[in-house]
Amino acid sequence: MASLSTRIVIRATNRELDIPTGLFINNEFVPSADSPNDLIHLVNPATEETICSVAAGSAKDIDIAVAAARNAFNTTWGKNVTGFERSKLLNKLADLIERDQDILAEVESLNNGKPFKIARDFDIGDTIQCLRYYAGWADKITGQTIEVDNKTKLAFTRHDPIGVCGQIIPWNYPINMWAWKVGPALACGCTIVMKPSELTPLTALMLSKLIAEAGFPPGVVNTIPSLGSVGGAALSAHMDVDKVAFTGSTVTGRKIMEAAAKSNLKKVSLELGGKSPQLVFESADLEQAANWACLGVLYNTGQDCTAGSRLYVQDTIYDKFVSLLVSKAKELVIGDGFDEKSGGGPLVSKTQFDKVWRYIESGRAQGAKVALGGQKRPGKGFFVDPTIFTDINANMDIVRDEIFGPVLAVGRFKTEEEGISLANDTSYGLGAGLHSNDASQCMRVSSALEAGTVWVNQYNLLNNNVPFGGKKQSGIGRELGSYALDEYTSVKAIHWNFGEKLDWPL
Amino acid sequence: MPSAFTHEFNTPAFKGKVSFSTGLFINGQFLDGSDKTTIDVINPTNGKVITSVSEGTPKDVDLAVDAAHAAFDTTWGLHAPGAQRSILMSKLVAIMEKNADELAALEALDNGKTFNWARNVDVAGSIDCIRYYAGWADKVTGQVQETTEDKLTYTRHEPIGVVGQIIPWNFPLLMMAWKLGPALACGNTIVLKPSEFTPLTAIRMCHLINEAGFPPGVVNVISGYGNSVGNAISSHMRVEKVAFTGSTLVGRKIMEAAAKSNLKNVTLELGGKSPNIIFDDADIEQAVNWAAFGIFWNHGQTCCAGSRIYVQEGIYDEFLKRFTEKTRSLKVGDPFAPDTFQGPQVSEIQFNRIMSYIESGKAAGAKVEIGGERHGSEGYFIKPTIFTNVDPSMKIVQEEIFGPVGVVIKFKDEEDVIKQANDTVYGLAAAVFTQNLNRAINTAHKLKAGTAWINCVNSLHSNVPFGGFKQSGIGRELGEYALANYTAVKSVHVNLGHRM
């Protein structure tokens, strides 16, 4: 039978720690109810060594977790707890994460591969701010009073918590994606069954421990590591889950929405893939645009839903800009997350590694030119170096499909209209960027780009209080900002008649 | 060098030592007043001097305004993003929590309210309030409006700048929190004058503000008198907004000074003579308990006190009997004794004023059901007092007494009692007791008051707005509404293509 915790050693920092490996239900770590020997094995993507194994939850475990979440919603959470109390607990959770930031960053780096400093200062730094931001919303969920007829009726709305929420998060920003989901859900009074990615569940389990330590009542947050096809599917089809929120691939997003439709028409919000374009106009500050372009496709080793994976450069500055871009991209050092020199880590898994290489090969095969990279590294670890393709056309796979690696496709355009048209030629609509010093052009182009987030003279930088989400097939709903509260709120309108008498028959 | 207040508390409710400088707080430092004078702080249980604090003058107000402007232009205002302001305010909350008992003890010593009330309402409420507004700091959003495709129009909700805040003596720390919370959340810098009767907790807060790490000059606190420091603030040409809580009389002066100087924006929380209407079908026991709380809590020194109690004739006798009994059970005495409900009134001036209202009631022919006299022979204690057999023209029915003195009036007709309830220049609060919710809502909607309580009185929350109709005030505090008082809206029109 799987034990409920295990000791791991992080050689690079000389740290030994016990990690919970069970399922987290009702504030306790427990084994699977019906498949106690099923395990998920976790791999260090820099060394390809096994880190440890955790329990793999089954559909029955999801059932039990949902029941625990429902019970908490009916008794100790939901309308039974004040916004002030929810606020206090979320702030306490943020404090605990701040206290444990180094340990959490080390495990995040070990499991996901990203550089330790980035995990701590960005992933975890943003996470702490995100939870504090939503702690501030918890006692500010207001409805409206609406004038109908002052002599007879009081009409008002209540913004009730939706209820039990299934949350399914990805492996690219394990801790930060956890916070984006947990923050607004708890602020609104919902309870949670969380399914972390089967590739990177370790920090979600450590954060579950902090949930208990912060003082959240049992059942408010439950964590079931499991395979997507098991736990994720069970949550999306569950008749007693009121809402499912998912971040991941568009392919899986469709399955989740289908399952929701076929079961109890639960509410669905989706953060899916992207093939986000950046446009560099001739008036742009080329140095800066090249920097932002590099950040756009190379940050997190390209494993970012808003990765700026297509770049279109205006004719008149094309040669100058591309050579600038290539020389900057070359400077990024991809290496082990615990190596000080690493600006980016390995890809998260063999599957991802193989997928990215298939795309690099297809780029070559379909006639694109390799301006940088394209060489496989020998040795252990899923490392892929920055790769830039030029001379692309709209039919190539590397231009249409989401690659999710440090691979950029660069094209050119002549007029503003052509640039916009190329940028919008995709079924995705998550992010977009434009670089120009012409203010009116910035306004026209940002207006025309079909994306949920448009960056002007910047890329990839988000703020917890600004909403984020996709147009078209990149998603449904918004995260962050006050907008995320709408995803976890169910509006009830109350018509209170105090003066109208009804005649019958009419 | 300003002196320090050092005191050893050795009471049943609290034991501990305090020691802190009582200077003016300007630019992060504690200073003597320019005239080097001081104001005595009196213990209202015995009239003796506790300590003295530095006295500010208009010159000190100038210095504070300069410091506040400098901070606004460099380390606060638009230079400190909301997330950063939020963090500092949260730090202040944590430090207040650590010092909660001490703050409550200082409040009880200075104001005379009991330690228990100070700890469980004043201090707890202050902490809640700052925590609530810390959460707003990074959520002050403007709008984008749709006009035409060749234009982008949006609003920015910017901080106003340097704001003046003048607070009263009835809830010294809580009133400071109600003022600081929204002002800081929106990015303003502050020059605050605590009441000359109760400066201690405000000054102690300055030390906590330093400890939290607020940049110097963001909050400045000038102890002093209304007609010098208060007036200097309201008429200052470089203070961009003034917020005042206190008497209607002084509120007028402040608004006048604002008009005559730089037309600074004014918000006022003034007096009240709030009605409490109790219908025949009310839960009598609850009505009695809430009515007592409504008028006697905080020694009646509450702007929203339910001081006119209208009882429908069907339950009048039973209500009066029980209300008198309840009042009799309220213990008056040492603020630091665990079972005391009511301490002394805050000052000799207030004591004399209340006693003179009591005398006027007696002289006009009203009946004293209970109380109506001083309690004990030392300090400013007054017995909880109920008048009946009153006439609407009597001073005790028309004017705000601000003491533990309630008038009980019998009524018959629903329409008539609402008229009587609204027959006042004030409009701060009102309460209705009835089991018939339709009637409750109907009545609440007809009462001309900024807060209408149904089956409760004196019940407030940091996230629910509070303020007056009519001569009880201008503007709202608490809730999201308070942010509007500390925000300057700028509309930005970006022309993208319209050529002239």
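Guide: A:K341 is exposed, because its relative accessible area is 61% (exposed means over 50%, buried under 20%, and partly exposed in between, with a 1.4 Å probe and protein chains only). This is a predicted model, in which local features need pLDDT of at least 70, side-chain atom pairs count only at pLDDT 80 or more, and totals for chains, interfaces and linings use all residues. Residues are numbered from 1 along each chain as its sequence is written, chains are lettered from A and ligands numbered from 1 in the order in which they are written, and side-chain values use heavy atoms, with hydrogens and water left out.

The partner of A:K341 is A:D339, with which it forms a salt bridge (a side-chain nitrogen of Lys or Arg within 4 Å of a carboxyl oxygen of Asp or Glu). The closest N and O atoms of A:D339 and A:K341 are 3.5 Å apart. A:D339 counts as partly exposed because its relative accessibility is 33%.

Over all chains, the structure holds 53 salt bridges. One of them joins A:D102 to A:R120, with the closest N and O atoms 3.2 Å apart. This pair links distant parts of the chain: A:D102 belongs to helix 3 (residues 101–112) of chain A and A:R120 to helix 4 of chain A, 18 residues apart. Helices here are DSSP runs of H or I with at least four residues, strands are runs of E with at least two, and both are numbered from the N terminus. A:D102 is partly exposed, since its relative accessible area is 33%.

In chain B, a salt bridge connects B:K362 and B:E359, and their closest N and O atoms are 3.6 Å apart. B:K362 is partly exposed at a relative accessible area of 35%, and B:E359 counts as partly exposed at 41% relative accessibility. Salt bridges can also link into a network, as they do for A:R7, A:E16 and A:D18.

A:F84, A:K140 and A:F498 supply 33% of the area that chain A buries against chain B, more than any other three residues. Between chain A and chain B there are 0 salt bridges, while 5 residue pairs are in polar contact, both at pLDDT 80 or more. A polar contact is a pair of N or O atoms within 3.5 Å; within protein, one must be able to donate a hydrogen and the other to accept it, and residues adjacent in sequence count only if both atoms are side-chain atoms.

UniProt, in an unreviewed entry, places the feature "active site" at A:E271; UniProt positions are given in the numbering used here, feature names are shortened, and annotations may be inferred rather than shown by experiment. A:E271 is found in strand 13 (residues 267–271) of chain A. Not counting residues up to four places away in sequence, A:E271 touches several residues, including A:F246, A:T247, A:L430, A:F468 and A:E479.

Chain B supplies a further buried residue, B:S223, with a relative accessible area of 2%. B:S223 lies in the loop between strand 11 and helix 7 (226–234) of chain B. Among the residues that B:S223 touches, not counting those up to four places away in sequence, are B:L24, B:V53, B:P194 and B:I203.

Notes. Contact = heavy atoms within 4.5 Å. Buried area = accessible area lost by both parts, 1.4 Å probe.
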